[in-house]
Amino acid sequence: MNIIEFIKGLFYKQEQKAEKIIVLEDVRGNFRYHIGVAGRSLCGRDDVMSSRISLDVFGQKLVTHLKENYCSECERIAKESGVLKA
Ligand SMILES: [Zn+2]
C-alpha cells in the first residue's frame, strides 16, 4: 500500500463514521442537487459537496431566483430506501 492509498483509506473511514444522509450539491456550482453521504451521492457521483439544503425540501422549488434542479436518480433511490417519503 502506498501513502496515497493509505491516506485515502483514512478519509474513507472518516466518511463512514460520519455517514449521514444529506443533500449534496454539484461542485461545479450549477445548482444541481443530489442526496447521499459526504463526498458520494446515491446515484454514484463523487464530484459533490455538502449543501445547506435540508433533506425535507429536496425536490421542491426553493424560494430563490436560482434555477436549482434535483437529481431524479437520487430521489428514486432515496424514496425506495425510505430516506425520503414517497
Ligand atoms: Zn444524483
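Predicted model: local features only at pLDDT ≥ 70, side-chain atom pairs only at ≥ 80, totals over all residues.
1. Overall arrangement. The protein chain contains two helices and five strands. Read from the N terminus, the elements follow the order α-β-β-β-β-β-α.

2. The protein chain has 86 residues, and 17% of them count as buried.

3. The buried side of α2. Helix α2 spans residues 72-80, and its buried residues are Cys-74, Glu-75 and Ala-78. These residues lie on the same side of α2 because they cover an arc of only 100 degrees around the axis. The cover over the buried residues of α2 includes the strands β2 (32-37), β3 (40-41) and β5 (69-70).

4. The opposite face and the end of α2. Ser-72 and Glu-80 are exposed, and they sit on the face of α2 that is turned away from its buried side. After α2 comes Gly-82, which has a positive phi, near 85 degrees.

5. Most residues other than glycine have a negative phi. Phe-31 is not a glycine, yet its phi is positive, at about 60 degrees. Phe-31 is located in the loop between β1 (22-26) and β2. Is Phe-31 buried, exposed or partly exposed? Phe-31 counts as partly exposed because it has 15 C-beta neighbours inside 10 Å, whereas a buried residue would need 20 or more and an exposed one 12 or fewer.

Definitions and conventions. Residues numbered from 1 in each chain as written. Helix = DSSP H or I, 4+ residues; strand = E, 2+ residues; numbered from the N terminus. Arc of directions from axis to C-beta. Contact = placed C-beta atoms within 7 Å.
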